[in-house]
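Please read the numbered points with the model in view.

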Amino acid sequence: MPLILHGRPMWAALTNCYVVAAERGGPAVVVDAPPDPEEVAAVLAEADLYPAAVLVTHGHVDHVGGAGELTRRTGISAYLHPDDDWLAADPEAQLRSLFGGVPDNAAAFAPPDRFIDLAHGESLEIGGLVFDVLHTPGHTPGHCCFHLSGEGILFSGDQLFAGAVGRWDLPGGDYRTLMDSMRTRILPLPAATDVLPGHGPATTLARELATNPF
């Protein structure tokens, strides 16, 4: 079982940032980077870890807004599905939509110079861990979940929450596509899978199969 540090919910959207590593003192993978790089750094420091890569579930600013600053500080690579490049490329538009304006530190939300493209079905070997990429469009066109199959863990982003699913009413979202992703990409996973969502508490696939109204 890898060491998983669940960072305190970060930024205005209380977005979960996960730091996962095979052992203390080694390389870590950051799953989603809210626009609070100091908090991300603090989570890494708590276990004496250093970042090896950042995997971004989707292009909404509360999940990707800190990826650019993290990559510029550390030189690591950021991964995102190319269908969400358009979202990540314009954080200011998202900030205006969320808050009606752009904060003074908007430059800090700038995306990485480039993303490494994610593709459904690929396996990423990073820091002694293997992440299986599940492309799950619906919340956004390029949304992806990351499955640590050997450990029975799914980083579900905004695809699946405890008792809910991701919104489909935002630009690029679609309910039927979200449900199709759930049916074809998430429900076939083992029921015992631990689900670590982008917001809110952890759950299990078995619990959601039994209680989630969606």
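1. Helices here are DSSP runs of H or I with at least four residues, numbered from the N terminus. The model is a predicted one. Arginine 73 and glutamate 69 both belong to helix 3 and stand four residues apart, so about one helical turn separates them. In general, an α-helix has 3.6 residues a turn, so residues three or four places apart point the same way. The pair forms a salt bridge, with the closest N and O atoms 3.2 Å apart. Glutamate 69 is partly exposed, its relative accessible area being 21%.

2. Arginine 73 has a further partner: its side chain meets that of glutamate 38 in a salt bridge of 2.6 Å, N to O. Because arginine 73 lies in helix 3 and glutamate 38 in helix 1 (residues 37-46), this pair ties together parts that are 35 residues apart in sequence. Arginine 73 counts as partly exposed, at 44% relative accessibility, and glutamate 38 is likewise partly exposed, at 49%.

3. Helix 3 (residues 67-74) also contains threonine 71. Is threonine 71 buried or exposed? With 11% relative accessibility, threonine 71 counts as buried. Leaving aside residues up to four places away in sequence, threonine 71 touches Val54, Ile76, Ser77, Ala78 and Pro112.

4. Helix 5 (residues 91-99) has Pro91, Gln94 and Leu95 among its buried residues. Viewed down the helix axis, the buried residues of helix 5 fall within an arc of 100°, so they line one face. Their cover includes helix 2 (61-64) and helix 4 (85-88). Just after helix 5, glycine 100 adopts a positive phi of about 80°.

5. Glutamate 92 is partly exposed at 34%, as is arginine 96 at 46%. Elsewhere, salt bridges that share partners join Glu38, Glu69, Arg72 and Arg73 into one network.

6. Among the strands, strand 10 (residues 153-157) and strand 13 (residues 194-197) run parallel and are joined by four bridges. Strand 13 and strand 14 (residues 203-204) run antiparallel, with two bridges. Five residues lie between the strands of this hairpin, in which glycine 200 takes a positive phi near 80°.

7. On the surface, Trp168, Tyr175 and Phe214 form a nonpolar patch with about 300 Å² of accessible area together. Phenylalanine 214 is located in the segment after helix 7 (205-211) and counts as partly exposed, at 46% relative accessibility.

Notes. Residues are numbered from 1 along each chain as its sequence is written. This is a predicted model: local features need pLDDT of at least 70, side-chain atom pairs count only at pLDDT 80 or more; totals for chains, interfaces and linings use all residues. Side-chain values use heavy atoms; hydrogens and water are left out. Patches are made of residues with over 30% relative accessible area and no salt bridge: like charges are joined within 9 Å, nonpolar side chains (Val, Leu, Ile, Met, Phe, Trp, Tyr) within 5 Å. Accessible areas come from the Shrake-Rupley method with a 1.4 Å probe; for residues, only the protein chains shown count as cover. A salt bridge is a side-chain nitrogen of Lys or Arg within 4 Å of a carboxyl oxygen of Asp or Glu. Buried means under 20% relative accessible area, exposed over 50%, partly exposed in between (1.4 Å probe, protein chains only). The arc is that of the directions from the helix axis to the C-beta atoms. Contact means heavy atoms within 4.5 Å. Two strands pair if DSSP finds at least two bridges between them.
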